[in-house]
Amino acid sequence: MSLAALLMFGLVVLTEPVVVVEGDRFDAGGVRYGVADLDAPETNGRCPAERALARLATAEARAAFATASTVTVEVVDVQPATARFRERLVARVSLDGQDLATRLVEADVARWDRDRGRWCETIRE
């Protein structure tokens, strides 16, 4: 499905296989998605604690997608490509009716985007 089509429809049920890139990013049908309102640690983060938490966030997201029978995305924005990231659709993601961002925050492997800061300075060891 093209980016224009996804934006036109807004709420879409994904039928393509999902590949989790990191806790807050995944690919489906050749499209990169970012989870709206969520900040997950980076697997290439600045410190060992961030990288370890990133692995947990990625594993939690993979487990969530693996057990979901219905994946719904509501596209809310498009982030253009940068030197660091390829273009992605920012979307609210629902797995069998459960919000993915909420699941990751409640599992303590991600945080709400409004709580941003450097992970290495905020992770409780």
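Author: Throughout this conversation, contact means heavy atoms within 4.5 Å, and helices (H or I, at least four residues) and strands (E, at least two) are DSSP runs numbered from the N terminus. The model is a predicted one, in which local features need pLDDT of at least 70 and side-chain atom pairs count only at pLDDT 80 or more, while totals for chains, interfaces and linings use all residues. Residues are numbered from 1 along each chain as its sequence is written, and side-chain values use heavy atoms, with hydrogens and water left out.

Reader: What covers the buried residues of helix 2?

Author: The cover includes strand 2 (18-22), strand 3, strand 6, strand 7, helix 3 and helix 4 (119-122). Buried here means under 20% relative accessible area, exposed means over 50%, and partly exposed lies in between (1.4 Å probe, protein chains only).

Reader: How do you know that the buried residues of helix 2 line one face?

Author: Among the buried residues of this helix are Ala49, Leu53, Ala57, Ala61 and Phe65. Seen down the axis of helix 2, the buried residues fall within an arc of 165°, so they line one face of the helix; the arc is that of the directions from the helix axis to the C-beta atoms. The face turned away from the buried side carries the exposed residues Pro48, Arg55, Leu56, Ala66 and Thr67.

Reader: Why is Thr67 called exposed?

Author: Thr67 has 60% relative accessibility, and because exposed means over 50%, this residue counts as exposed. The side chain of Thr67 reaches the backbone oxygen of Ala64 at 3.3 Å.

Reader: Why is Asp39 called buried?

Author: Asp39, which is found in strand 5 (residues 38-39), has 5% relative accessibility, and because buried means under 20%, Asp39 counts as buried.

Reader: What makes the pair of Asp39 and Trp119 side chains a polar contact?

Author: A polar contact is a pair of N or O atoms within 3.5 Å; within protein, one must be able to donate a hydrogen and the other to accept it, and residues adjacent in sequence count only if both atoms are side-chain atoms. The side chains of Asp39 and Trp119 make such a contact at 3.4 Å.

Reader: Which residues have the most contacts inside the largest nonpolar core?

Author: They are Phe26, Tyr33 and Val93, in a core of 30 residues. A nonpolar core is a set of buried Ala, Val, Leu, Ile, Met, Phe, Trp, Tyr and Cys residues joined through side-chain atoms within 4.5 Å. Helix 2 gives the most to this core, with five residues.
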